Amino acid sequence: MLAASVLWGTTGTAATFAPAVSPLAIGAVAMGIGGLLQALYAARPISSQWRDLLEQWRLVLLGAAAVAVYPLAFYTSMHLAGVTVGTVVSIGSAPVAAAVIERWADKKPLTRRWLAGALLGVGGAVLLSVAGHRPGGADAAGAGVGSPLDSWAAPAGIVLGLVAGVTYALYSWAAHRLIRGGLSSRATMGAVFGMGGVLLMPVLLLTGRPLAESWTSFGVGAYMALVPMFAGYVLFGWGLARVRASTATGLSLVETVVAAALAVLVVGERLPAAGWIGAAAVLAGLVFLLPRSESRMRTPGTADYPA
């Protein structure tokens with residue numbers, strides 16, 4: 001889970017190298033092509049477990065729809081509200097949404113340990129966002145702070161960030177439940193993300209032309225699809241076989257720390273002391289969020305993934 005979050009934390013910095021590509025195209029190429037690669041990678045498990053997948057078609061379709069909506073909402077949120085605000089709202093709301101889903105659908109209680117970790121993590125992410133936000137800057141392409149678009153762009157970006165957080169929690173919960181039902185993590189991730197990738201193809205066809213107009217934009221699209229989305233979600237599938245969706249989304253808060261560190265090291269941004277305190281709080285929250293016993297669990301569908 002932590003390794004996946006590190007890979008996801010590189011996406012914001014990578015996207016800055018393709019400013020001419022729209023957020024819809026970035027989201028569609030990243031999760032769309034990445035999802036199709038997941039399906040290709042899992043072709044054999046899917047073919048051997050297709051009857052079980054068919055029996056759970058509602059859950060598969062729900063997860064796939066969430067996979068398709070998430071990147072469009074996430075990258076557009078960053079475009080409208082700014083990278084820092086969009087990322088924190090999206091990633092920070094996901095653990096809360098996952099906990100609510102688990103509480104409502106699975107009747108799972110929220111432990112004090114999880115609540116402490118979530119509060120530290122979300123609070124640290126918010127502090128990291130506020131500290132890293134520079135008034136008068138252009139956090140989002142085409143919607144810099146102080147522009148006429150601010151009156152609606154920032155609120156719209158926050159709403160889309162909440163949509164991204166809910167859909168992230170939703171596909172994490174759906175995949176976790178499929179795996180707990182006996183499906184292998186490869187078959188689950190391949191089916192859910194592969195179908196989500198298919199749903200994103202029309203968006204990519206309509207918006208993806210700038211990706212082919214320069215080698216830099218093409219390289220950014222290829223990197224996003226292959227590394228953070230394909231490799232990252234392979235790791236994410238392994239983790240979902242062993243921890244709850246609320247734990248998984250909580251651990252992904254480390255993505256905000258990685259994104260901030262790369263913004264400093266690669267993009268050249270400066271992070272004040274409050275930002276580093278926020279990063280430390282996120283990392284401290286991981287002490288509570290890391291499971292004590294779930295990491296040792298085995299499920300019927302995870303024999304293909306040794307710990």
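## Two buried tyrosines

Y168 and Y171 are both buried, meaning under 20% relative accessible area with a 1.4 Å probe, counting protein chains only. This is a predicted model, where local features need pLDDT of at least 70 and side-chain atom pairs count only at pLDDT 80 or more, while totals for chains, interfaces and linings use all residues. Residues are numbered from 1 along each chain as its sequence is written, and side-chain values use heavy atoms, leaving out hydrogens and water.

Y168 and Y171 sit three residues apart in helix 9 (residues 150-180), so about one helical turn separates them. A helix here is a DSSP run of H or I, at least four residues long, numbered from the N terminus.

## Rings that pair up

What does F236 do with Y168? They make a tilted aromatic pair, 6.1 Å centre to centre with 40 degrees between the planes. Rings of Phe, Tyr and Trp (its six-membered ring) pair if their centres lie within 6.5 Å; planes under 30 degrees apart are stacked, over 60 edge-to-face, and the rest tilted. This pair ties together distant parts of the chain, with Y168 in helix 9 and F236 in helix 11 (residues 215-240), 68 residues apart.

The structure holds 15 aromatic pairs.

## The whole chain

So what is the protein chain built from? It has 14 helices and zero strands. Of its 307 residues, 52% are buried.

Conventions
Helix = DSSP H or I, 4+ residues; strand = E, 2+ residues; numbered from the N terminus. Buried < 20%, exposed > 50% of the residue type's maximum accessible area, 1.4 Å probe, protein only.
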